[in-house]
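My entries follow in the order in which I looked things up.

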Amino acid sequence: KAGAVSIFFRSNMRTFTALLLLCLVTWAHSKFTWPLRRSTPRTPQERVAYFKGLARRAIRPTHRGYAGPLGDAHSENPVDHLKNFEDVEYLADITIGDPRQKFTMVMDTGSSNLWVSGDSCTDLGCSKMHKFHPGASKAFVKVPKAFSIQYGTGSCAGFLAADTVSNSADGPRIRNQTFGLATTVADFFVNSSIDGIWGLGLKQLAVDGVTPPLDNMYAQGIVSKRLLGIKLSSDKSGSLIDFGFVDDSKYAGDLNWYPYKRFMFQYAYYLIGFKSIDVAGETVISHCGLLGCQGLLDTGTSLIVGSPDQINPILDALQISEDCSNYDNGPVLTIRIGDEKYDIPSNVYTLREGNVCAPGLQAAQGMPFMIFGDTFLRTVYAVFDNDNYRAGLAPQK
């Protein structure tokens, strides 16, 4: 009997230990933070030329309309046509494969697909990119399906694949993550400092119905909530993404919650309503058509973007001096969302290179909503709660 008791005890201790280790692993991965780094992809001379052109032109999206439900192979994401990844500033390091291969990515809340350049890409657009080598990964699986994403000045296309994805050598690993392996990349990517794009958006927006990384993290127990907390800093350091939790040390006061708005009768974007845009306390924009004023919270867009009817009156009121004479003392730009006011000071909404300044706002033709890109997001801690289809905002500490 004593032997039986001993065997029973050892067996149950092994079971208990295994369960304890499983709980510890699950707890350890229920939340984690990825650092972002801020970089300036252009040379000073290139930035000056870009600034001068920025104040003169309005982007004309090239999309042909919405051919089908968002997320299917025939639809187009209108936001992709405004992307200019030459000017992205907030980057993250990730790995794909087993053993791991390293890449630099844009973390983009305005899209939902993950893609990197493949080793068979010989285009000018991928000539400076680190390329993924499928044969070097024992976890690689080719998916017999093509993918294509159209941007404003070109496209990215190739085939789908699946492999293990992570953020660093010691970070949690997402198993069997489907991603795009690009065989052709538009030429404009040659001036960027990225190897691909990590979409942080909703699953409904993903091209070809691919499951985005955040949803796979949740399904695999890496995070306990489909939730992101994002801080974009104006400094070189301090930018980050909190996965699965909200860090209340990153913001002042309370989070204010706003429901996602539907687009084309479904949840697709991190789209929220807003009441007005004010300059120096005076309302400049408050009427935006039948659907009301809406803004997309988009880390993949550097600027605040809207129609010429929206942006031009704002620029007229701001009177941003090209010689930077009012860089630090220009009027405050305020976005009123719900009952709250979010102030953007002039040294945030003004882009500067030496003694040349330009607005961090851009007019675009034909957009169905405004885009609140990095110009706005640098002032707030933004939370994307995909379990409850809502966004939380609070001023950064």
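I began with the S-S torsion of Cys324 and Cys357, which is about 110°, so this disulfide is right-handed. I take a disulfide as a pair of cysteine sulfur atoms within 2.5 Å; here the S to S distance is 2.2 Å. The two cysteines come from distant parts of the chain, 33 residues apart: Cys324 lies in the loop between α4 (308–318) and β17 (333–337), and Cys357 in strand β20 (residues 356–359). Helices (H or I, at least four residues) and strands (E, at least two) are DSSP runs, numbered from the N terminus.

A note on the source: the model is predicted, so I read local features only at pLDDT of at least 70 and side-chain atom pairs only at pLDDT 80 or more, while totals for chains, interfaces and linings use all residues. Residues are numbered from 1 along each chain as its sequence is written, and side-chain values use heavy atoms, with hydrogens and water left out.

Next I checked burial, where buried means under 20% relative accessible area, exposed over 50%, and partly exposed in between (1.4 Å probe, protein chains only). Cys324 is buried at 9%, and Cys357 is buried at 5%.

How many disulfides does the structure hold? I found three. Cys288 is joined to Cys293, S to S 1.9 Å. The torsion about this S-S bond is about 80°, so the Cys288 and Cys293 disulfide is right-handed. Cys288 is partly exposed at 25%, whereas Cys293 is buried at 7%.

Cys121 and Cys126 have their sulfur atoms 2.1 Å apart. Their S-S torsion is about -100°, so that disulfide is left-handed. Cys121 is buried at 4% and Cys126 at 0%.

With the bonded cysteines numbered in sequence order, the pairing reads 1-2, 3-4, 5-6. Cys156 is in no disulfide; its nearest cysteine sulfur, that of Cys121, is 8.2 Å away. Cys156 is buried, at 0% relative accessibility.

I then turned to the nonpolar cores, sets of buried Ala, Val, Leu, Ile, Met, Phe, Trp, Tyr and Cys residues joined through side-chain atoms within 4.5 Å. The largest has 76 residues, and Trp198, Phe243 and Phe376 have the most contacts inside it. Its largest share, four residues, comes from strand β2 (residues 90–96). A second, separate core of 20 residues includes Trp115, Cys121, Cys126 and Phe189.

Last, I looked up the contacts (heavy atoms within 4.5 Å) of Trp198. Leaving out residues up to four places away in sequence, Trp198 touches, among others, Trp34, Ile94, Met105, Asp108, Asn113, Pro213 and Met217.
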